[in-house]
Amino acid sequence: MKIVVKSNEGPNIWLPIPSGLVLNRFVAGFAPKYLKEYGIDITKEQAVLFVKALNQYRRKHPEWVLAEVQSSDGEYVKVKL
């Protein structure tokens, strides 16, 4: 996973985050508890299946962009899986 933040005022930020730290069974086990606070009810099994499917998709499409936002001021944020 790569996060890129380009700012006009401050330094540009480039964060490489290993996908294994974010997309694993351990983290998926905690997801239902935190998602419930936002009104999303899923089970641990559903979260694990989602992470598994996301990892499979990531392997087939390594340059997939999750989010890309550019403000009118020229600031830019991009999150790649």
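Tutor: What follows starts with the aromatic pairs and then moves to other parts of the chain.

The model is predicted, and local features are described only where pLDDT is at least 70. A pair of aromatic rings is described by the distance of the centres and the angle of the planes. Two aromatic pairs are counted here.

Take phenylalanine 26 and phenylalanine 30. Their ring centres are 5.0 Å apart, and the planes stand at 80°. The pair is edge-to-face, because an angle over 60 degrees falls in that class. Both residues belong to helix 2, which covers residues 25-36. They are four residues apart, about one turn of the helix.

Phenylalanine 26 has a relative accessible area of 62%. That value is over 50%, so phenylalanine 26 counts as exposed. Phenylalanine 30 has 42% and is partly exposed.

The second pair is tyrosine 57 with tryptophan 64. Here the centres are 4.9 Å apart and the planes meet at 70°, so this pair is edge-to-face. Tyrosine 57 is partly exposed, at 36% relative accessibility. Tryptophan 64 is also partly exposed, at 31%.

Go back to helix 2, where phenylalanine 26 sits. Phe26 and Phe30 belong to a nonpolar surface patch, together with Val27 and Tyr34. The four residues have about 420 Å² of accessible area together.

Next, charge. The structure holds one salt bridge. Its partners are lysine 80 and glutamate 63, with the closest N and O atoms 2.4 Å apart. The bridge links distant parts of the chain, 17 residues apart. Lysine 80 is in strand 4, residues 76-80. Glutamate 63 is in the loop between helix 3 (44-60) and strand 3 (65-70). Lysine 80 has 19% relative accessibility. The limit for buried is under 20%, so lysine 80 counts as buried.

The largest nonpolar core has seven residues: Leu23, Ala28, Ala47, Val48, Val51, Leu54 and Leu81. Helix 3 supplies the largest share of this core, four residues.

Arg58 leads on to serine 19. Serine 19 touches Arg58 and Met1, not counting residues up to four places away in sequence. Serine 19 lies in helix 1, residues 19-22. Serine 19 is buried, with a relative accessible area of 10%. The C-alpha atoms of serine 19 and methionine 1 are separated by 5.5 Å, although these residues are 18 apart along the chain.

Beyond neighbours within four places in sequence, leucine 15 is in contact with Met1, Lys2 and Ile3. The place of leucine 15 is in strand 2, residues 13-16. Leucine 15 is partly exposed, with a relative accessible area of 41%. From leucine 15 to glutamate 37 the C-alpha distance is 28 Å. That pair is 22 residues apart in sequence.

Valine 5 is partly exposed, with a relative accessible area of 26%. Valine 5 touches Asn12 and Ile13, and also Tyr76 and Val77, leaving out residues up to four places away in sequence. Valine 5 and valine 79 are 74 residues apart along the chain, yet their C-alpha atoms are separated by 8.9 Å.

To return to your request: phenylalanine 26 with phenylalanine 30 is an edge-to-face pair, and both residues lie in helix 2. Tyrosine 57 with tryptophan 64 is edge-to-face as well.

Methods
Residues are numbered from 1 along each chain as its sequence is written. This is a predicted model: local features need pLDDT of at least 70, side-chain atom pairs count only at pLDDT 80 or more; totals for chains, interfaces and linings use all residues. Side-chain values use heavy atoms; hydrogens and water are left out. Rings of Phe, Tyr and Trp (its six-membered ring) pair if their centres lie within 6.5 Å; planes under 30 degrees apart count as stacked, over 60 as edge-to-face and the rest as tilted. Helices (H or I, at least four residues) and strands (E, at least two) are DSSP runs, numbered from the N terminus. Buried means under 20% relative accessible area, exposed over 50%, partly exposed in between (1.4 Å probe, protein chains only). Patches are made of residues with over 30% relative accessible area and no salt bridge: like charges are joined within 9 Å, nonpolar side chains (Val, Leu, Ile, Met, Phe, Trp, Tyr) within 5 Å. Accessible areas come from the Shrake-Rupley method with a 1.4 Å probe; for residues, only the protein chains shown count as cover. A salt bridge is a side-chain nitrogen of Lys or Arg within 4 Å of a carboxyl oxygen of Asp or Glu. A nonpolar core is a set of buried Ala, Val, Leu, Ile, Met, Phe, Trp, Tyr and Cys residues joined through side-chain atoms within 4.5 Å. Contact means heavy atoms within 4.5 Å.
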